[in-house]
Amino acid sequence: MSGKKSVTIIGAGTAGLLAARELSRRNIHTIVYDQKRELGLPVRASGILSIKGLGELGIYYSRAITNTLYGANIHAGGTKLRIKANAPVAHVLDRKKLNDICHDEALASGSKVVLGKRMDAKTFESLSANDIMIGADGAVSSVAKHFSMGEIRRYILTYKAEFNISAEDSGIVDLFFDNKISKGLFGWFCPNRSDILEIGIGIDSRYGNAKTAFEKFIATDYVSKTISGSRRISEGASIIPMSLREKIVDTKKEVLLVGDAAGQVKPSTGGGIIYGGNAALMAARTIQDHLNKGASLSEYTTMYNRKYSIDTAIHRLTNAIYSSIGSDKLGVAVKIMKAMQLGRLLGKYGDMDMPSLILRNMLISAAGGR
Ligand SMILES: Cc1cc2nc3c(=O)[nH]c(=O)nc-3n(C[C@H](O)[C@H](O)[C@H](O)COP(=O)(O)OP(=O)(O)OC[C@H]3O[C@@H](n4cnc5c(N)ncnc54)[C@H](O)[C@@H]3O)c2cc1C
């Protein structure tokens, strides 16, 4: 049984704050430190979250909604495939407001959150001697580095900007696959509000620089026509970890990683809030069992792998396929998908977070289940 009774969390992003909320709800004394004085700023990431995934996290997120999405247009080699569902599949959330809501929920459940305090190797040692520690300190995690929890093997560099224009269809995101510009990820249009279009790009760090890729992307015919006459409102670069670290828990030192610090993202899109948020919930459950029943902290890894390993493999395969074939061949693939009416099928049976459910939903439907 652990002699430790409290938990220190480094990082007050969504993952750290969700872990704090869940631990405090279990009456475990929890303190969170963040280097920022104002959480959630600057906003460098998008906020597209599946409605189903948001439900799993139990966040009262409604005041952060800026738009609702029904599907996506996939663009490759001059061809467009529309995947549209009859019902809403995702919300676009204001990321600053989402972070604030998670902060409020952590405080309301009894966590202490200390802002404006950057923690370093010395503090990690002294704090982890007395407390169980959670590293929720983002993609370039100092906690992971200090406790030798392995490397993130692949990073995506991103650059995005907002433009004061309306999208053609405000219920649809557009994804642009072109390995000459954005090898490793894609370019995107996300209607953040009815009059604001976010345009962004991600590129594998081995293949180039995100700002250069962004400038190439907005100079393409399609994008330059779309943004013609509009104004850039805000812009900035960021990073997405595209692989899980070797270890997400150190059972001896009693250190766990959650969120981007652990590399808990969907490798097909780089979305990390649902996977990282669910991992935070799992980490809190594991710590409770560890403190109360002496259960091993390794249960956290088991739980995470049980829920996500198959879907992560499918997301990774999807990413490997679109990253390795040229845009002409991708265009042909999209044409074939169109001919097979895959857009309609994905709209009906698709699941943004858990692609393994697509086949399951199709089989249930074929068997008359729904
Ligand atoms: C361009 C872009 C678009 C994205 N779009 C989506 C999307 O549409 N949907 C989605 O689900 N995900 C998306 N993501 C991914 C998502 O933003 C991340 O997965 C998520 O923010 C990770 O949350 P986190 O709490 O793990 O880490 P972070 O949000 O990075 O929070 C880490 C916190 O730790 C603090 N910190 C770091 N080091 C220290 C230290 N030494 N001491 C104290 N504090 C420290 C930081 O200040 C920060 O507040 C996107 C990412 C990018 C870059």
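Into which domains is the protein chain divided?

**View 1. Domain 1 and domain 2 of the protein chain.** Domain 1 comprises 7–67 + 94–151 + 246–319, and domain 2 comprises 155–241 + 328–366; the bounds come from an automatic or database domain assignment. The centres of the two domains, taken over C-alpha atoms, are 26 Å apart. The model is predicted: local features need pLDDT of at least 70, side-chain atom pairs count only at pLDDT 80 or more, and totals for chains, interfaces and linings use all residues. Residue numbers start from 1 along each chain as its sequence is written.

**View 2. The side of domain 1 that touches domain 2.** Contact (C-beta atoms, placed from the backbone, within 7 Å) involves 20 residues of domain 1 and 23 residues of domain 2. Two or more residues each come from β3 (48–50), β4 (65–69) and α10 (299–324); helices (H or I, at least four residues) and strands (E, at least two) are DSSP runs, numbered from the N terminus. The most, four residues, come from α10. By class, this side of domain 1 has eight nonpolar, eight polar and four charged residues (nonpolar: Ala, Val, Leu, Ile, Met, Phe, Trp, Tyr, Cys and Pro; charged: Asp, Glu, Lys and Arg; polar: the others, Gly among them).

**View 3. Helices α9 and α10.** The axes of α9 (residues 273–293) and α10 come within 9 Å and cross at roughly 145°; axes are lines fitted to C-alpha atoms, for helices over the stretch in contact, with angles from 0 to 180 degrees between N-to-C directions. On the α9 side, Y275, N278, A279, M282, A283, T286 and D289 meet E299, Y300, M303, Y304, K307 and Y308 of α10. Eight nonpolar, two polar and three charged residues make up this contact.

How values were computed. Two residues are in contact if their C-beta atoms, placed from the backbone, lie within 7 Å.
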